[in-house]
Amino acid sequence: MAERMMSVHERLDSVGDRGFMSEYLDCLSLVERLHRLLLDVLKDEFERMGVLEINPVQALLLFNVGDHEVTAGELKSRGYYQGSNVSYNLKKLVEMEYMHHQRCGIDRRAVRVKLTPKGRAVHDVVHKLFARHADGLQSRGVLGADGIEVINASLRRVERYWTDQIRYIY
């Protein structure tokens with residue numbers, strides 16, 4: 001009398017949670033589309049300005065470095081660079097003089113980067129773009145302070161859950 005394991009779909013159907021599964025899949029798709037759309041928004045902004053030598057991922061890297069001095073590993077762990085090679089993009093940004101780089105004194109393998117004035121200008125463009133978006137979302141009633149807090153809290157819980165799945169395979 002061999003019992004077979006039920007599939008995830010069968011378990012969800014058996015407890016009547018098929019609606020949640022559908023919403024979860026919609027959420028995953030939306031997060032993916034929003035990330036790609038963010039890159040398109042950045043690309044559009046820089047094309048309008050006539051800045052064609054950097055790509056949207058590089059602009060996002062410059063924005064996220066900001067006033068800090070960081071390693072490639074630190075940028076990777078922050079995560080915004082789906083489908084991109086952080087080391088390659090950092091190398092290109094150094095070559096195009098958007099960033100300075102320097103070997104760490106303690107670990108000579110690690111390289112620390114920081115923005116040049118040229119990189120700071122790109123950071124400022126992205127910051128102003130995001131500020132305009134934040135103002136527009138609020139002023140048009142698309143999303144208010146309460147709504148954004150709920151979204152962020154929910155996404156942080158999902159992030160924690162996924163992180164736990166990686167660390168502590170059940």
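Two residues are in contact here when heavy atoms of theirs lie within 4.5 Å. With that in hand, let us start with the whole chain and then zoom in. The model is predicted, so local features need pLDDT of at least 70 and side-chain atom pairs count only at pLDDT 80 or more, while totals for chains, interfaces and linings use all residues. Residues are numbered from 1 along each chain as its sequence is written, and side-chain values use heavy atoms, with hydrogens and water left out.

**View 1. The chain as a whole.** Among contacts between residues at least 6 apart in sequence, 51% join residues at least 24 apart. The chain has seven helices and three strands, which are DSSP runs numbered from the N terminus (helices: H or I, at least four residues; strands: E, at least two). Reading from the N terminus, the elements follow the order α-α-α-β-α-α-β-β-α-α. Of the 170 residues, 24% count as buried; buried means under 20% relative accessible area, exposed over 50%, and partly exposed in between, with a 1.4 Å probe and protein chains only.

**View 2. Helix α3 against helix α6.** The axes of α3 and α6 are 8 Å apart, and the helices pack at an angle of about 90°. Axes are lines fitted to C-alpha atoms, for helices over the stretch in contact, and angles run from 0 to 180 degrees between N-to-C directions. α3 and α6 are therefore roughly perpendicular to each other (65 to 115 degrees; under 35 is roughly parallel, over 145 roughly antiparallel, and the rest oblique). From α3 come Ala59, Leu60, Leu62 and Phe63, which meet Gly119, Val122, His123, Val126, His127 and Phe130 of α6. Sorted by class, this contact holds seven nonpolar, three polar and no charged residues. Here Ala, Val, Leu, Ile, Met, Phe, Trp, Tyr, Cys and Pro count as nonpolar, Asp, Glu, Lys and Arg as charged, and the others, Gly among them, as polar.

View 3. Rings of Phe, Tyr and Trp (its six-membered ring) pair if their centres lie within 6.5 Å; planes under 30 degrees apart are stacked, over 60 edge-to-face, and the rest tilted. By this rule there is one aromatic pair. Phe63 and Phe130 form it edge-to-face, with 5.1 Å from centre to centre and 80° between the planes. The pair links distant parts of the chain, 67 residues apart: Phe63 sits in α3 (residues 56–65) and Phe130 in α6 (residues 117–139). Phe130 is partly exposed, with a relative accessible area of 23%.

**View 4. Helix α3 against helix α5.** The axes of α3 and α5 (residues 86–95) come within 10 Å and cross at roughly 80°, so these helices too are roughly perpendicular to each other. Val57, Gln58, Leu61 and Leu62 of α3 make the contact with Val86, Asn89, Lys92 and Leu93 of α5. The residues of this contact comprise five nonpolar, two polar and one charged.

**View 5. Val65 and its partners.** Val65 lies in α3 and is buried, with a relative accessible area of 0%. Leaving out residues up to four places away in sequence, Val65 touches Val70, Leu75, Met99, Val113, Lys114 and Leu115. Val65 and Val113 are 48 residues apart in sequence, yet 8.3 Å apart in space, C-alpha to C-alpha.

**View 6. Thr71 in strand β1.** Thr71 belongs to β1 (residues 70–71) and is buried, with a relative accessible area of 14%. Apart from neighbours within four places in sequence, Thr71 is in contact with Cys104, Val111 and Arg112.
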